[in-house]
Amino acid sequence: MKIVAVVGSIRRGNTLKMVQAACSRFSPDEISIIDLAHIKMEYCTGCLYCDTEKKCCIDDDMTKLMDKIADADAYIFASPVRWSLLSGEMKTFFDRLNPFATLGTLSEKKCILLTVGQSEEGSDDAFSIDAGLKSMEFFCENAGIEVIGSVKAYGCLEEDSIENSSYIKECYAVAEKLKEAIL
Ligand SMILES: Cc1cc2nc3c(=O)[nH]c(=O)nc-3n(C[C@H](O)[C@H](O)[C@H](O)COP(=O)(O)O)c2cc1C
């Protein structure tokens with residue numbers, strides 16, 4: 001079983017901790033973590049070179065990661081909510097997967113989605129977390145990736161807010177669900 005987990009926040013905060021919690025449910029040799037804080041990744045320019053050539057014309061760290069991403073059975077995508085959307089880092093990562101679009105490389109793969117924001121559950125701003133998650137779900141729907149489960153972590157403003165919260169247990173549970181789905 002090969003899982004690729006993507007940390008969609010530069011900050012060493014809640015998103016990273018959620019990914020670490022989910023990954024702890026797999027054996028280390030099954031997991032590859034792509035931490036967007038640690039790779040060189042240019043923006044997609046929208047040139048559509050990939051539609052004809054089936055690869056990106058930009059040569060950066062994403063070039064080296066494409067085979068690993070294509071070979072994975074499943075993904076853990078994690079992003080903080082920003083302006084009721086996914087993070088810019090995560091969006092750029094998704095954009096750079098466009099070479100897989102016409103090939104259908106990602107279709108029928110499975111994933112779990114982890115999101116975190118400062119909005120409090122039940123507050124007027126709570127929609128923000130749903131919307132952030134939705135933006136990741138839209139990517140998965142477009143790419144043909146089945147979403148097995150997700151975690152929405154509310155009320156996490158500071159970088160360590162999620163520590164010792166019930167959301168960490170939710171990350172364990174959704175990771176177990178993914179494990180069962182790909183057995
Ligand atoms: C530019 C920016 C926009 C944000 N927008 C939202 C938002 O729309 N809704 C929300 O609940 N939290 C929002 N937040 C708060 C972050 O989602 C929150 O602090 C989260 O814990 C950050 O995760 P991280 O520690 O993994 O980076 C925003 C933070 C920043 C920096």
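How many nonpolar, polar and charged residues does the lining of the second largest pocket have? Before I answer, please keep in mind that this is a predicted model, in which local features need pLDDT of at least 70 and side-chain atom pairs count only at pLDDT 80 or more, while totals for chains, interfaces and linings use all residues. Residues are numbered from 1 along each chain as its sequence is written, and side-chain values use heavy atoms, with hydrogens and water left out.

The lining of the second largest pocket has eight nonpolar, seven polar and two charged residues, where Ala, Val, Leu, Ile, Met, Phe, Trp, Tyr, Cys and Pro count as nonpolar, Asp, Glu, Lys and Arg as charged, and the others, Gly among them, as polar. The largest share of this lining, four residues, comes from α5, a helix being a DSSP run (H or I) of at least four residues, numbered from the N terminus.

Let me turn to the ligand, which has 18 residues around it, with S9, T15, S119, S128 and C156 the closest; a residue counts here if one of its heavy atoms lies within 4 Å. By class, this shell has seven nonpolar, nine polar and two charged residues.

Now for some individual atoms: a backbone N or O atom of V81 lies 2.7 Å from an oxygen atom of the ligand, and for a backbone N or O atom of S84 the distance to a ligand oxygen is 2.9 Å. On the side-chain side, a polar atom of S128 lies 2.6 Å from a nitrogen atom of the ligand. The elements that give two or more residues to the shell are α1 (14-23) and α5 (127-143).

Terms used: A polar contact is a pair of N or O atoms within 3.5 Å; within protein, one must be able to donate a hydrogen and the other to accept it, and residues adjacent in sequence count only if both atoms are side-chain atoms.
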